[in-house]
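Hi,

Here is the structure I promised to pass on. Have a look at it first, and then read my notes below.

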Amino acid sequence: MPFSIVVGAQWGDEGKGRVVDLLAAEADIVARYYGGDNAGHTVTVGDKTFKLHLLPSGVVHPHTIGLLGNGMVINPAILLNEMDQVRQSGVSLTTDRIKISHAAHLITPGHIALDTALEQARGRQKIGTTKRGIGPAYTAKVTRSGLRVEQMLIPEKFEAVVKNHINQVNSQLGGFEEQMSLDAEKIAQDYRGYADVLAPYIAEVGLFAYQALEQGKFILAEGAQGTLLDLDHGTYPYVTSSTPTAPGALVGLGLGIGTANRVIGVVKAFQTRVGEGPFPTELSGDAAVRLRGTGENDWDEFGTTTGRPRRVGWLDAVLLRYAVRVNGISELAITKLDILSGLDSLKICTNYQTGDEVYDNLPWGPADLSQYQPVYEDIPGWEEDVSSIRSWNELPDQAQAYITRVEELTGLPVNIISVGPERSQVIIR
Ligand code: IMP
């Protein structure tokens, strides 16, 4: 019973959608397990580019069934809009194809307003959230006052529950400097409308996934965000409010320990981050512009969800070894190798240093990285455009040396290398 988990090994935006798209060709079921529409996965198929936030990106393969797991926080307005867009591109999304966990939580305009108000109140200590209501929706879940998807199945009661929730949010918002007030009546009616449309998609996703594994089906779990944004294992407090690491796939889908047999860590060939928080190998100036791109191309380093320019830097093997450990990664996929073509020389951070002390591993987790200096190793660059290369042997020696060094520094094989945004632009070893 194959159950593979694709997980981001950095701060999100590693190009997981790209790797998922490749593996989903073999999968029966594709599943999102945590997070919400803070995620943005771009998948390019021929002349079509799909920008997905809530649906598992593997659903663009028409043979798959897409699951939205119990760990997710779902904004139903965004989900319906996304489903419409995918359908307009010719992909059918019937109730046989999409199943939403009854135990997932809902995001409302109330959570979004609170996210915005809390960020304003944090001032210079702001987290730089995506303002999609993620933190407040998970807060409500943990304080046992959240709205669960299954409540949509009893429409009259659901409408009253939403109204009551928005009224409560309004009283909370009154405490913030910039006061906002939401129309509880209207939002409750809107949510009742969403419930009518989404009700047929609601399912016991955990049971469905379990039975599928028993029947020998292949489930591919799609991590959103990345290891260093994990609530427990990330650069706290500059993290998201969920568990994007691989163990989250079990909790967030309702599957037991021992079911997963492959964890693929996706690593961008350099490092990026959106939002605030530490970033030891961050670059600035021309070098940063070179790696980020101008924003002209879909794949340039600008947020899929917010459009914000991403911070960029050199690959950090200390953080990568940490990601391997907390996720139980069994192999790596490297994305965007093509972007490094044309650089005279590259750097990889192999260790951290404070004073005379040199560290292989993070001595105290990643929360406070500001005390460390990255120790770099220089690696010669390559001139050649690698975007049309499809086999390992054809890669320039320096590109092979770069990947081999990542393997040595992590102790894991790099089995997938993407060299461009198109489905076919990949090297499989
Ligand atoms: P939130 O998840 O909207 O609460 O944002 C918390 C932090 O996680 C911010 O720094 C966001 O920029 C970051 N973040 C959330 N989702 C993603 C993602 O999918 N990719 C990259 N960064 C993300």
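Let me start in the sheet: β15 pairs with strand β19 (residues 414-418) in the parallel sense over three bridges, and Leu 332 stands opposite Val 414 in β19. Strands here are DSSP runs of E with at least two residues, helices are runs of H or I with at least four residues, and both are numbered from the N terminus. Two strands count as paired if DSSP finds at least two bridges between them.

Before going further, a word on the source: this is a predicted model, in which local features need pLDDT of at least 70 and side-chain atom pairs count only at pLDDT 80 or more, while totals for chains, interfaces and linings use all residues. Residues are numbered from 1 along each chain as its sequence is written, and side-chain values use heavy atoms, with hydrogens and water left out.

β15 (residues 331-335) also pairs with strand β11 (residues 262-268), in the parallel sense over five bridges; there, Val 267 stands opposite Ile 334. Five of the five residues of β15 are buried (under 20% relative accessible area, with exposed over 50% and partly exposed in between; 1.4 Å probe, protein chains only). Glu 331, Ala 333 and Thr 335 point one way from the strand, and Leu 332 and Ile 334 the other.

The whole sheet is open and mixed, with 10 strands in the order β9-β7-β5-β2-β10-β1-β11-β15-β19-β20. Its edge strands, β9 (202-203) and β20 (426-428), each pair on one side only.

Another residue to look at is Glu 301, in the loop between α9 (285-292) and β13 (311-313). Glu 301 is buried, with a relative accessible area of 0%. Its side chain makes a polar contact of 2.6 Å with that of Lys 336 (a pair of N or O atoms within 3.5 Å; within protein, one must be able to donate a hydrogen and the other to accept it, and residues adjacent in sequence count only if both atoms are side-chain atoms).

Now the ligand. It is surrounded by 15 residues, the closest being Asp 13, Asn 38, Thr 130, Thr 240 and Arg 308 (a heavy atom within 4 Å). An N or O atom in the side chain of Thr 240 is 2.6 Å from an oxygen atom of the ligand, and a polar backbone atom of Val 274 is 3.2 Å from a ligand oxygen atom. The protein covers 97% of the 470 Å² of accessible area that the ligand has on its own (Shrake-Rupley method, 1.4 Å probe).

Enjoy looking around!
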